[in-house]
Amino acid sequence: MGCDADTPPSYRLFLVPPYVIAPAYARHEAQRLQALRALLILDTPPEERFDRIVQFATNEFEVPMAAISLVDEDRQWFKASHGLPMCQTSRNVSFCGHAILRPDVMLVPDTLLDPRFFDNPLVQQAPRVRFYAGAPLVLAGGEAVGTLCLFDTRPRQFDRIDTAVLAALRDLVLEQLNPRQVAACS
Amino acid sequence: MFVNSRQPESAVLVIEPDAMVRGTLCAVCRDLDLAQMAQASSLAVAEQRLAEQAFDGLLLSLDDVASGLDLLRRLRAATWATRADAAVAVMAHGCDVDTAHALRDLGVRRILLRPFKIRDAVHTVQRLLEDCQRRSLREP
């Protein structure tokens with residue numbers, strides 16, 4: 001799929017071999033990256049306060065994998081994770097790169113039925129993701145820096161209560177991120 | 001299927017020491033527009049809240065059984081602003097026969113055994129509100 005030079009970056013789709021639809025960049029990508037880096041959290045060691053939220057989400061939703069994913073320029077890096085065999089992936093194949101482009105929870109009930117993800121390497125190979133739910137981590141300035149996300153190896157549905165619980169847990173992550181933001185700004 | 005059983009004026013107090021459980025439950029109930037939600041991290045804080053505001057329902061952690069039952073006895077004795085017949089559910093790791101009898105005598109009919117999911121606690125709040133609704137329908 002092509003796009004001309006006048007197409008705004010936020011509406012472009014990029015193809016990654018073999019045919020993955022890579023996430024577009026945010027409308028204010030430079031500002032978003034600046035806000036993410038101001039958190040001073042990328043590549044820091046695991047912290048119990050974040051691990052606990054991910055563990056809570058794993059138990060609450062009975063999913064094999066969950067993470068706090070931060071979407072950097074060309075990668076997503078997991079500040080906390082459960083069940084995932086890697087600590088980061090290319091942004092091009094990330095689900096969370098798509099999730100940060102919308103204000104609400106992004107649901108993919110069955111990845112094999114979604115044209116964005118059916119041939120994604122994370123779907124076609126281990127960990128063989130079939131379900132994804134991601135709540136964007138939107139800072140006070142409006143920058144979506146990552147997600148609290150769930151993965152399952154089987155398709156599933158998400159109802160109103162599930163969405164509200166994930167959003168509430170996402171808010172707990174934001175509460176933990178914001179003190180860092182305040183400290184970084186001061 | 002989710003059914004909203006909200007009474008617009010309903011207020012529920014959640015007394016739970018675990019901040020993540022307490023905060024998440026209250027946030028979800030607010031998001032679902034079930035009721036006005038208030039929270040207390042301890043029985044001491046709960047007493048203050050009960051004195052300040054009239055609640056229609058309580059979701060009480062019974063980790064300290066003796067102190068929890070004492071609070072319920074005082075609630076039923078109309079000690080605070082909250083009405084004496086407020087609907088109550090408890091959260092507990094277990095419940096022996098004596099405690100079950102004591103809870104029954106204090107008008108507690110719902111016990112949420114730990115570990116539970118937030119979804120289960122939300123359903124318990126919904127049942128509490130339904131109890132409130134039934135009670136208000138019986139009143140003249």
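Tutor: The accessible surface of chain B comes to about 6,600 Å² (Shrake-Rupley method, 1.4 Å probe), and carbon and sulfur atoms hold 51% of that surface. This is a predicted model, in which local features need pLDDT of at least 70 and side-chain atom pairs count only at pLDDT 80 or more, whereas totals for chains, interfaces and linings use all residues. Residues are numbered from 1 along each chain as its sequence is written, chains are lettered from A in the order in which they are written, and side-chain values use heavy atoms, without hydrogens and water.

Of the 140 residues in chain B, 46% are buried, that is, under 20% relative accessible area with a 1.4 Å probe and protein chains only. The charged side chains number 18 positive (Lys and Arg) and 19 negative (Asp and Glu), and the centres of the two sets lie 4 Å apart, each charge being placed at NZ of Lys, CZ of Arg, CG of Asp or CD of Glu.

As to the fold, chain B has five helices and five strands (DSSP runs, H or I of at least four residues and E of at least two), which follow one another from the N terminus as β-α-β-α-β-α-β-α-β-α.

Turning to the partner, 14 residues from chain B and 15 residues from chain A take part in the contact (heavy atoms within 4.5 Å). Of the area that chain B buries against chain A, B:Met20, B:Lys117 and B:Arg119 supply 45%, more than any other three residues, where buried area is the accessible area (1.4 Å probe) that two parts lose on being put together, summed over both.

Notes
Buried means under 20% relative accessible area, exposed over 50%, partly exposed in between (1.4 Å probe, protein chains only).
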